[in-house]
Amino acid sequence: MKLDAKIPEGPLADKWTIHKNNIRLVNPANKRLIDVIVIGTGLAGGSAAASLAEMGYNVKAFCFQDSPRRAHSIAAQGGINAAKNYQNDGDSVYRLFYDTIKGGDYRSREANVYRLAEVSANIIDQCVAQGVPFAREYGGLLDNRSFGGVQVSRTFYAKGQTGQQLLLGAYSAMSRQIAKGKVAMYSRHEMLDVVIVDGKARGIIARDLVSGEIERHSAHAVVLASGGYGNVFFLSTNAMGSNVTAAWKAHKKGAAFANPCYTQIHPTCIPVSGDNQSKLTLMSESLRNDGRIWVPADADDAKAVREGSLKPTDIPEDRRDYYLERRYPSFGNLVPRDVASRAAKERCDAGYGVNQTGEAVFLDFSDAIMRYGSTEAHVRGMHNPSDDEVRKLGKEIVAAKYGNLFQMYEKITDDNPYETPMKIYPAVHYTMGGVWCDYNLMTTVPGLYATGEANFSDHGANRLGASALMQGLADGYFVLPYTIGEFLADDIRTGPISTDSPEFDEAEKNVQGQIDRLVNNNGTKTVDHFHKRLGKIMWNECGMARNKEGLEQAIKDIQALRDEFYAEVRIPGSAEGLNPELEKALRVADFLELGELMCHDALDREESAGGHFREEYQTEEGEALRRDDEFAYVSAWEYSGNPSEPNLHKEELVFENVELKTRSYK
Amino acid sequence: MNLTLQVWRQNGPNDKGRMEEHKLSGISPDQSFLEMMDVLNEQLVESGKEPVAFDHDCREGICGACSMFINGEAHGPGRGITTCQLHMRSFNDGDTIYIEPWRSAAFPVIKDLMTDRSSFDRIIQAGGFVSVNTSGNTLDANAIPIPKEDADKAFDAATCIGCGACVATCKNGSAMLFTSAKVSQLSLLPQGKVEASDRVLNMVKQMDLEGFGNCTNTGACEVECPKGISLENIARMNREYLVAAVTD
């Protein structure tokens, strides 16, 4: 396998322009002769389907949800970055590029990241033109906020529902093309294999989730926009249906899988409360602007809090450990996501956790309430207000800022965060690893593309906030529509691809075989039983902290679990018709293989990068130790035919424009 | 908690369907309603029976997939929530809970609690968009200032998640709240105004074609809407429709 990133020549700032000028074009009449399949209809897939259809290609779009409007991008809360410099605070394409490279701990490609920053401004223009209702100031211009430790205000937002509004924008653009007949939409369909003819991706095998029918669909190119694989951990902030299947099947057909062990952990989620929990809910990171994070300084107090005999509000100031402020005085509670997450885990592992499971820390707004309250009292000209009056005023201010989040928290936990500190804990959020792709977003299989969270390209080891939405839309609206021409220009005379070929026969037979095997397996255990066990292994051994011994054991455990799955799983019902257990089983089968690859990757990476802490590689102060001399590469894994024996290929990362620096938040 | 569930089971659109009783014990008040359904399904699978099919995905109240009629209410007791945001502490130990699918001719049952809401997509395809090329060669986003009040109103309308609770709870099975939310969002913004009259005519026409009923202003939709979409939108759509129909 040869990894050629196809990074264009020329100075960084000109690469994309030069490249666009050299990409081959397909004339409009010929575009009508070309079919493209898009898997997934989130920000990356929806925008790609709409754009490709707009250009004239015939698009077939697939999603497993009942409607493309429900793709998981809809759940993103915070915002989308763009180097517009509307605030005149010194922002620029270069600064957004630099922040993203640094935020990824120097494990992403310079050229891709620069392009992302470059097209970011167009995204905002495009979305506004589509009627996306971004927040505005009284003067009628767009409002911005600052996000995740960045020094400029470049985040565009629509309250806490930015993802929803951006997705509905892409969905409406796609709906327009569906109405024109340029996009054929296949909802409630799942891609179960990619079909390769003469070395090129020429179609897919999909299952109609309602009828159970196995279908063949052909095209001249296939685009994977199928999102991330965080659900390998079972508990995550991902939607329940998010899965790795499309990407994994592509991997098994020759697409390299890059940096699989890179998972972003989000520091402020509602903690796990019991064995039947299915899902973790994120609390917006913006809460850290005002909330102070602490645990009891005294282990006995922590124990008493866990047992319910001591209330957090009864612990005096001098018996609290505001550990982020203590360890990172200059950034305090606003350290990046990985640092905040790791520090919380460190305290909980040391026995200071504050909920029943011992895996929670406090996020406390009492200081903010008093501070805002006393300012407000001044504003209102109140002299010597009582503590109760100040508290009341402060609560009103905090409610205006975070009211909807506080309400959401109270609905889920039945605790009132105005009265008692919130409990939070880190959770699996976003996967930066994914299908390897070159500068054109093409995978190692010709004609097979990967965009958005499904690819690996732009985020390196630790994504910042508000970057994922940007990448999804950049890829779909502005990158792929150009770069795909390079490949499709050769196909103007190919004509429709027949689905009546040995390659389609074989792919369909394999899919049918796997389905039959699962449906006829008369085991005794449910799919979720295996998924939860896999999730525990992954979280404990390949989560926020890993070590050699744990990873080696995890690999053995996953192999054994996989065998047990195929021996013991039970799928009621049949392969015909709607069968949600079968859908889950097919996805978990792939997670059981991906999970092992993640451990192999984590084992290979003998350094700590971003949120990925290899315990053997830390500084004397317990901070992450990156080893640039040996590990400034993308690990791209090739499938060997056996999930336990993947072959590693390395794409060396070349940094010509930024200097690799050790991050410090002290 | 110990519960008795009466769950609607239906093998397909042509099956008659029936209620099925299930007993559950050991349910924690902290579980969400869908997690309670997961427990039921685990039990069913372990005993070799088919689990209850229901739509769900994000489980944080935004994707709009989950759709259950619980004790005669869309998304169950509580206001401003989807089923995934409903917690078992809203019920009492020993309760019997009735669980049914969305009821509307325009949302045929696929299986059990799962319905086909693709009619909503077709309403959007009839004009719920701005006809702008996805080329990125658009005006600078700040070239057309939009009064904050208009942007906020457009946003409020745009928060509709397309779950269908409005239709399911309406005695006429009307999709006016859903359709009017999109019509309002786009007609409040200068970018969407240009084709506003074609949009409202086409979307209303499609709504009727799909078999949704008429609006008789009972307001049940607004009460059950998990996102608080206001009846004002229906009034706005009616005005837009009238003007468009007269000038058409």
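Strand β10 of chain A (residues 257–258) is joined to β16(A) by 2 bridges, and the two run antiparallel. The model is a predicted one, in which local features need pLDDT of at least 70 and side-chain atom pairs count only at pLDDT 80 or more, while totals for chains, interfaces and linings use all residues. Residues are numbered from 1 along each chain as its sequence is written, chains are lettered from A and ligands numbered from 1 in the order in which they are written, and side-chain values use heavy atoms, with hydrogens and water left out.

Which strands make up the open sheet, and in what order? The sheet has 4 strands of chain A, in the order β16-β10-β20-β21, with antiparallel pairing. At its edges are β16 (434–435) and β21 (647–652) of chain A, each of which pairs on one side only. β10(A) and β20(A) are paired in the antiparallel sense over 2 bridges. Further along, β20(A) meets β21(A), again antiparallel, over 6 bridges, and here Ser635(A) has Lys650(A) of β21(A) as its bridge partner. In a regular strand, the side chains alternate between the two faces of the sheet. Strand β20 of chain A (residues 633–638) has 5 of its 6 residues buried, so the rest of the structure largely encloses this strand. Buried stands for a relative accessible area under 20%, exposed for over 50%, and partly exposed for values in between (1.4 Å probe, protein chains only).

Just after α4(A), Asp105(A) adopts a positive phi of about 55 degrees.

Ile123(A) is buried, at a relative accessible area of 0%. Its contacts (heavy atoms within 4.5 Å), neighbours within four places in sequence set aside, are with Ile80(A), Met470(A), Leu473(A), Ala474(A) and Phe478(A). By comparison, the C-alpha atoms of Ile123(A) and Val36(A), 87 residues apart along the chain, are separated by 23 Å. In helix α1 of chain A (residues 15–22), His19(A) is also buried, with a relative accessible area of 14%. Leaving aside neighbours within four places in sequence, His19(A) touches Pro8(A), Tyr439(A) and Asn440(A).

Two loop residues of chain A complete this part of the picture. Asp198(A), a residue other than glycine, has a positive phi near 50 degrees. Asp198(A) is found in the loop between β6 (189–197) and β7 (200–208) of chain A, and is exposed at a relative accessible area of 72%. Asn384(A) likewise has a positive phi, near 45 degrees. Its loop lies between α11 (366–379) and α12 (387–413) of chain A, and Asn384(A) counts as exposed at 76% relative accessibility.

Turning to chain B, there are 9 helices and 7 strands. The C-alpha atoms of chain B fill a box of roughly 60 × 35 × 35 Å along the principal axes. Of its 248 residues, 61% count as buried. Among contacts in chain B between residues at least 6 apart in sequence, 68% join residues at least 24 apart. Chain B exposes about 9,500 Å², of which carbon and sulfur atoms supply 49%; accessible areas come from the Shrake-Rupley method with a 1.4 Å probe, and for residues only the protein chains shown count as cover.

Note on methods. Two strands pair if DSSP finds at least two bridges between them.
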